2 protein chains.
Amino acid sequence: MGYGNLGRGVECAIKQSPDMELAAVFTRRNPDDVKILTESVKVHSVDDIEQFSPVAGASPDKAIDVLIICGGSATDLPEQTPKYASLFNVVDSFDTHARIPEHFGNVDAASRGARTTAVISAGWDPGMFSVTRLYSESILPVGSTYTFWGKGVSQGHSDAVRRIEGVVDARQYTIPVEAALDAVRSGSEPDLTTRQKHTREVFVVAEEGADKERITEEIVTMKNYFDEYDTTVHFIGAEEMARDHSGIPHGGFVIRSGKTGWDEENTHVVEYKLALDSNPEFTSSVLVAIARATYRMSGAGMHGAKTIFDIPPAYLSPKSGEELRATML
Amino acid sequence: MGYGNLGRGVECAIKQSPDMELAAVFTRRNPDDVKILTESVKVHSVDDIEQFSPVAGASPDKAIDVLIICGGSATDLPEQTPKYASLFNVVDSFDTHARIPEHFGNVDAASRGARTTAVISAGWDPGMFSVTRLYSESILPVGSTYTFWGKGVSQGHSDAVRRIEGVVDARQYTIPVEAALDAVRSGSEPDLTTRQKHTREVFVVAEEGADKERITEEIVTMKNYFDEYDTTVHFIGAEEMARDHSGIPHGGFVIRSGKTGWDEENTHVVEYKLALDSNPEFTSSVLVAIARATYRMSGAGMHGAKTIFDIPPAYLSPKSGEELRATML
């Protein structure tokens, strides 16, 4: 459901999964205007989606096992996920951390009513970073957890800069501070301010004759986005922007250090790092693995809203329990 | 069950877990000879263990929720875990990778018969490394996984050196090769030989007048232990051994790199790293978190042998689903 960067990433990830099949793509646009990569798969208008719903009685050859909802967290998912959870098993990548409890509640009500399984917030943060935080804190209850993001492109911050007068295009990178990472890795559990953890770097293509000093000032003082960070602004040409900044890389670190021993005399450091060429494609790859788990949970009668915290890891893999124990344990 | 390094580590980890209580320690030794750290908890002979078994009808005040079996993988656990799984919910840290399927089968039969829950191979490898391999491969099915161990003390290799004539004491460190780690992190999916991945460093206290050249030769050519590695041998005094090599640090890396995109044009690297001051204490901390999950699985009717692959991560945490979603997702 939805065919932007995330939807295209899901399509690519399904191609890598021999046990999965792309059944259909649904769009709010005119289906004729949406060209997808997989030949032989049809693009449908979202208006026709109920015909594919097992809850609404679709025939077995038409019924869709899992609907992967590839919308945005700001306005799409809060409306779409509860709506479609009443018709399908669903997965989304809802990533507005502060609104997760509310979203979970809405999706839970819809999916329990329809006896479907709905996994929300599948991706890397929330997602793989979250489950790493959970495991690490459960194992090392006395300690501190740190999350760093980057180096990577923040879409929201790039958009905010683009709204400044005189800006034609912008790309914002979030960069973890190496000294902060090292302090955390030492196990010393430092207190770190926002400014000490990350810096921001912005590349701007300005209109001809625009006041670059004013643009820079507006960026570095922008409330909630930049004012708490050390921000560097570079003005570049449109060609350089296209050549060097067209990718959507991202990643980051979850680090927990904790103490064990009768007198907490031993220190342990757990570090999980992601370095991603394509933020949306990695998120899509998580969505597809979680879709496999969603189908299995549905089959096991595990209905209602779920998160990665509720999923037995084996459900994510196409391999049998026996294979997993023999090859991966 | 068992009070060596691992048992003492479990005792310390329980102290850090307000929702858990150490009920009793069982030993094969004379209980009077075993001094534990927790006042008010009794050490019992293993001969009396059935009195504490809920399966054998122990009274609620005496019945033990989970028995954490802290024996060795070579001879203890293959016998103990099936035996006690017929009396208790159990957890072990069985780590002989090649024999996991056989061990799983034996434990499964015993625990299904008794309707108990038995989690095997809880620790960090097998354990946290395994679940990282599983998640990473499920998300990035096209790619390669690498596991590196160290820098850390290998007990088995240290023991092997101690058996050489003229050796009084020995400590063996396994060390990952930095260049190999960097090659893997680059996403290039290199083919690496055993020799390219790890080196071994051995510290030896020799008998006075012992032939150090012969000892060195016996070490570096030892089949299965050292012959496939570049090994450095240092002769040191007993004092230096006690001062600099009495700890049991360990750790390592699981790294998966994989490709996504329609033409596999994007590379992603997932890296999980552990740096542990005390190998047994970290393993014990995993055992205790898994014990919490074991109790919950038992309550949910999930009987039989299980591994970390089968456990919903939320079961490891003392926090409620609501708390976890609000604070950690």
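**View 1. Helix α5 on the four-stranded sheet of chain A.** In this predicted model, helix α5 (residues 155-162) of chain A lies across β7, β8 and β9 of chain A, running at about 145° to β8(A). Contact means heavy atoms within 4.5 Å; axes are lines fitted to C-alpha atoms, for helices over the stretch in contact, and angles run from 0 to 180 degrees between N-to-C directions. Helices (H or I, at least four residues) and strands (E, at least two) are DSSP runs, numbered from the N terminus. The open sheet has the order β7-β8-β9-β10 (chain A), with mixed pairing; two strands pair if DSSP finds at least two bridges between them. At the edges stand β7 (152-153) and β10 (230-235) of chain A, each with a single partner strand, so one side of each has no neighbour in the sheet.

**View 2. Pairing of β8 and β9 in chain A.** Nine bridges link strand β8 (residues 167-176) to strand β9 (residues 198-206) of chain A in the antiparallel sense. Opposite A:Gln172 stands A:Val202 in β9(A).

**View 3. Strand β9 of chain B and its partners.** Of the nine residues of β9 (198-206) in chain B, seven are buried, that is, under 20% relative accessible area (1.4 Å probe, protein chains only). Strand β8 (residues 167-176) of chain B is joined to β9(B) by nine bridges and runs antiparallel to it. Six bridges join β9(B) to the parallel strand β10 (residues 230-235) of chain B, with B:Asp230 in β10(B) as the bridge partner of B:Thr199. Between β9(B) and β10(B) the chain passes through helix α8 (residues 212-220) of chain B in a right-handed β-α-β crossover; with the strands pointing away from the viewer, such a path from the first strand over the helix to the second runs clockwise.

View 4. Strands β11 (residues 250-260) and β12 (residues 266-276) of chain A pair over 11 bridges, and A:Phe253 has A:Lys273 as its bridge partner in β12(A).

**Notes.** Residues are numbered from 1 along each chain as its sequence is written, and chains are lettered from A in the order in which they are written. Local features need pLDDT (the predictor's confidence in each residue, from 0 to 100) of at least 70, and side-chain values use heavy atoms, without hydrogens and water.

Note on methods. This is a predicted model: local features need pLDDT of at least 70, side-chain atom pairs count only at pLDDT 80 or more; totals for chains, interfaces and linings use all residues. Buried means under 20% relative accessible area, exposed over 50%, partly exposed in between (1.4 Å probe, protein chains only).
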